[in-house]
Amino acid sequence: MSARVDVGDQVEDFSLPDENGVTRSLTELLAEGPVVLFFYPAALTPGCTAEACHFRDLAAEFAAVGARPVGVSGDPVERQQEFSGKHTLGIPLLSDADGAVRERFGVKRGFSLAPTKRVTFVIGQDRTVLEVVRSELRMNTHADRALAALRAHRA
């Protein structure tokens, strides 16, 4: 069953280990404000690095709207840790090794070198999806459109 999460949907809670092996739940992440959940195909690859670094570079803008970017991929914890450290990302990178969360969000591909679609979900504190950004090729559009949606939501 492949779900698809769209704007207006409510997302269920989930828990995944972050790059330090600490289990993080969506509820806990949302406690401080909206979450920008960006799913990416693979840590340390050029496209994903560009995308994650753009989120990192906009950290102050996200903080200004009270939101927090959180990355998710199928990479193991150790690889997420290497990715985070190498680029000083400073954002939680969750390891969805078995693909359960990716499947729930409808971003898991059946088979391929990139088992995760590049999709970003802006999730409000009430767990309502405020924006969905689907773009495989334009890396910067994810953070840019997420920020625009958050600003519009606050206005």
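This is a predicted model: local features need pLDDT of at least 70, side-chain atom pairs count only at pLDDT 80 or more; totals for chains, interfaces and linings use all residues.

Biologist: How are the rings of Phe105 and Phe121 arranged, stacked, tilted or edge-to-face?

Modeller: A pair of aromatic rings is described by the distance of the centres and the angle of the planes. For Phe105 and Phe121 the centres lie 4.9 Å apart and the planes meet at 55 degrees. Planes under 30 degrees apart would count as stacked and those over 60 as edge-to-face, so the pair of Phe105 and Phe121 is tilted.

Biologist: How many residues apart in sequence are the parts that the pair of Phe105 and Phe121 ties together?

Modeller: Phe121 belongs to strand 6, whereas Phe105 sits in the loop between helix 5 (100-104) and strand 6.

Biologist: How many aromatic pairs does a search of the whole structure find, and what is the angle between the planes of Phe39 and Phe121?

Modeller: The search of the whole structure gives eight aromatic pairs. One of them joins Phe39 and Phe121, which form an edge-to-face pair with 5.8 Å from centre to centre. Phe39 lies in strand 3 (residues 35-39) and Phe121 in strand 6 (residues 119-123), so this pair ties together parts that are 82 residues apart in sequence. The angle between the planes of Phe39 and Phe121 is 90 degrees.

Biologist: Which residues of strand 3 are buried on each side?

Modeller: Five of the five residues of strand 3 are buried, so the strand is largely enclosed by the rest of the structure. Phe39 is among them, at 0% relative accessibility. Both faces of strand 3 are covered, with Val35, Leu37 and Phe39 buried on one side and, on the other, Val36 and Phe38.

Biologist: In which sense does strand 3 pair with strand 4, and in which with strand 6?

Modeller: Phe39 stands opposite Val72 in strand 4, while the bridge partner of Phe38 in strand 6 is Thr120. With strand 4, strand 3 pairs over five bridges in the parallel sense. With strand 6, strand 3 also has five bridges, but here the sense is antiparallel.

Biologist: Why do the buried residues of helix 4 line one face of the helix, and which residues are exposed on the other side?

Modeller: In helix 4 (residues 77-87), the residues Val77, Gln80, Phe83, Ser84 and His87 are buried. Seen down the axis of helix 4, the buried residues fall within an arc of 125 degrees, so they line one face. What covers these buried residues includes strand 1 (15-17), helix 2 (46-57), strand 4 (68-73) and strand 5 (93-95). On the other side of helix 4, the exposed residues are Glu78, Gly85 and Lys86.

Biologist: Which side chain makes a polar contact with that of Thr128, and at what distance?

Modeller: Thr128 is found in the loop between strand 6 and strand 7 (129-134), and with a relative accessible area of 15% Thr128 is buried. Leaving aside residues up to four places away in sequence, Thr128 touches Gly8, Asp9, Gln10, Val122 and Ile123. The side chain in polar contact with that of Thr128 belongs to Gln10, at 2.6 Å.

Note on methods. Residues are numbered from 1 along each chain as its sequence is written. Side-chain values use heavy atoms; hydrogens and water are left out. Rings of Phe, Tyr and Trp (its six-membered ring) pair if their centres lie within 6.5 Å; planes under 30 degrees apart count as stacked, over 60 as edge-to-face and the rest as tilted. Helices (H or I, at least four residues) and strands (E, at least two) are DSSP runs, numbered from the N terminus. Buried means under 20% relative accessible area, exposed over 50%, partly exposed in between (1.4 Å probe, protein chains only). The arc is that of the directions from the helix axis to the C-beta atoms. Contact means heavy atoms within 4.5 Å. Two strands pair if DSSP finds at least two bridges between them. A polar contact is a pair of N or O atoms within 3.5 Å; within protein, one must be able to donate a hydrogen and the other to accept it, and residues adjacent in sequence count only if both atoms are side-chain atoms.
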